[in-house]
Amino acid sequence: MEYKRKEDGIIVLADGTVFYGKSIGIKGTAFGEICFNTGMTGYQEVFTDPSYYGQIMLSTNPHIGNYGVNADEVDSDGIKIAGLVCKNFSYEYSRPGADGSLYDYFDAHQLVAISDVDTRALTAYIRDNGAMNAVLSTDGKSVEELKALLKEVPSMEGLELSSVVSTKEPYFYGNPESKYRVSVLDLGIKTNILRCLAERDCYIQVFPYNSSYEDLLAFNPNGIFLSNGPGDPQALADKGVLTVVKQVVEGNLPVFGICLGHQLICLSQGVGTYKMFSGHRGVNHPVLNVLTGKGEITSQNHGFAVIKEELTNHPTLEISHLHLNDQTVAGVRMKNKAVFSVQYHPESSPGPHDSRYLFDDFVSNMSKN
């Protein structure tokens, strides 16, 4: 089936810069922070990652949609990105195992997407000028209209979004007969993280972002996991989440945090965070494990990071991993407790599996506790 592009597409950045393209055929207007992802595959996992909530995704890979979609590659209950910008959008797909086309998937979610954009120029612009809010439009609005609407969109800095993507009610995942029990604080968790835990003989109860420490302990867990998620980590302090994380860290159970969970562990120990200039988003980011001297290629998705200088001679935390492109902090661990966290995604969906040993380390800590 052929899909005709019905409207021109407009991209307006917060600084007034305008890019043009073509609508893939879904009318609408979408707002969010525009950021680029350098991954060459795994677009469905990216689009359904809750950490991307409120963001317009710019794909540097020239082809999107060419292998369709598959239900096994969904990382949440649906699409989480606010909109998509790409070079070539494939309406047809070639993978025999696909469940359908990316267009039909987008159409079902009414996701605004613009193709035929000079994505190299737009990526270079964001790289040089920083991630910023943007608006996509395929419904005929003028540039001046879009600029006026864009002024009302809040900045990602200071924005709390975990409450939007977190589960509303606790639920279980995995085999109840598993050896280990893990309480998960859902700040925007990816399904593949739960799969990685379940594959390691863990039975999991997932709790809403605003659960209490007592709620987490009521499952009688062997360990506690703090998930990834969207938004500014410091905004969660006002929601009481940071108080709970501090209690979790001060407890006697093994703890593992990923991305937003990592940032909250650091905040609980007095280490600040900051909004990065353009962030890390892709599946080919090099990281050094400073404890073993080994390198790993990682999947990353974050626009905030912890302040490296505040970890120097820190009384309770030490740096365990460094990002080799810019020497930002990619992981920490506590000096006297079985608590550790990383800034990247070891479940690697999408991405290489170099970092999945971290789930084994978490299980090993639980076995010793």
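Trainee: Which residues does phenylalanine 207 touch, not counting residues up to four places away in sequence?

Mentor: Ser166, Thr167, Pro170, Ser183, Val184, Leu185, Asp186, Asp215, Leu216 and Phe219, where contact means heavy atoms within 4.5 Å. This is a predicted model, where local features need pLDDT of at least 70 and side-chain atom pairs count only at pLDDT 80 or more, while totals for chains, interfaces and linings use all residues. Residues are numbered from 1 along each chain as its sequence is written, and side-chain values use heavy atoms, with hydrogens and water left out.

Trainee: Is phenylalanine 207 buried or exposed?

Mentor: Buried, with a relative accessible area of 5%; buried means under 20%, exposed over 50% and partly exposed in between, with a 1.4 Å probe and protein chains only. Phenylalanine 207 sits in strand β12, residues 202-207. Strands here are DSSP runs of E with at least two residues, helices are runs of H or I with at least four, and both are numbered from the N terminus. Lysine 168 is 39 residues away from phenylalanine 207 in sequence, but C-alpha to C-alpha they are 8.2 Å apart.

Trainee: Switching topic. What does UniProt list for "binding site"?

Mentor: The unreviewed entry gives Ser51, Gly229, Gly231, Leu260, Gln263, Asn301, Gly303 and Phe304. They are spread over 254 residues of sequence, yet they cluster in space, with a largest C-alpha distance of 13.3 Å. The lining of the largest cavity includes Ser51, Gly229, Gly231, Leu260, Gln263, Asn301, Gly303 and Phe304. A cavity is a set of points on a 1 Å grid over the protein atoms alone where a 1.4 Å probe fits but cannot get out, and lining residues have an atom within 4 Å of a point. Keep in mind that UniProt annotations may be inferred rather than shown by experiment.

Trainee: Where does glycine 231 lie?

Mentor: In the loop between β13 (223-226) and α8 (241-250). Glycine 231 is buried at 13%, and beyond its neighbours within four places in sequence it contacts Met156, Leu159, Leu161 and Phe304.

Trainee: And which helix is leucine 260 found in?

Mentor: α9, residues 260-268. Leucine 260 is buried too, at 2% relative accessibility. Among the residues that leucine 260 touches are Ser162, Leu187, Asn228, Gly229 and Pro233.

Trainee: Why would you call α9 largely enclosed by the rest of the structure?

Mentor: Because nine of the nine residues of α9 are buried.

Trainee: How do α8 and α9 cross?

Mentor: Their axes come within 9 Å and cross at roughly 80 degrees, with axes fitted to C-alpha atoms over the stretch in contact and angles running from 0 to 180 degrees between N-to-C directions. So α8 and α9 are roughly perpendicular, a label that covers 65 to 115 degrees. Val241, Leu242, Val245, Lys246 and Val249 in α8 meet Leu264, Ile265, Leu267 and Ser268 in α9.

Trainee: Last one: what is histidine 302 doing for polar contacts?

Mentor: Its side chain makes one of 3.1 Å with the side chain of glutamine 300. A polar contact is a pair of N or O atoms within 3.5 Å; within protein, one must be able to donate a hydrogen and the other to accept it, and residues adjacent in sequence count only if both atoms are side-chain atoms. A polar atom of the histidine 302 side chain also lies 2.9 Å from the backbone oxygen of phenylalanine 304. Histidine 302 is in strand β16, residues 294-306, and is buried at 5%.

Note on methods: On a 1 Å grid over the protein atoms alone, a cavity is a set of points where a 1.4 Å probe fits but cannot get out, and a pocket is an open set with protein on both sides within 12 Å along at least five of seven lines; lining residues have an atom within 4 Å of a point. Angles under 35 degrees count as roughly parallel, over 145 as roughly antiparallel, 65 to 115 as roughly perpendicular and the rest as oblique.
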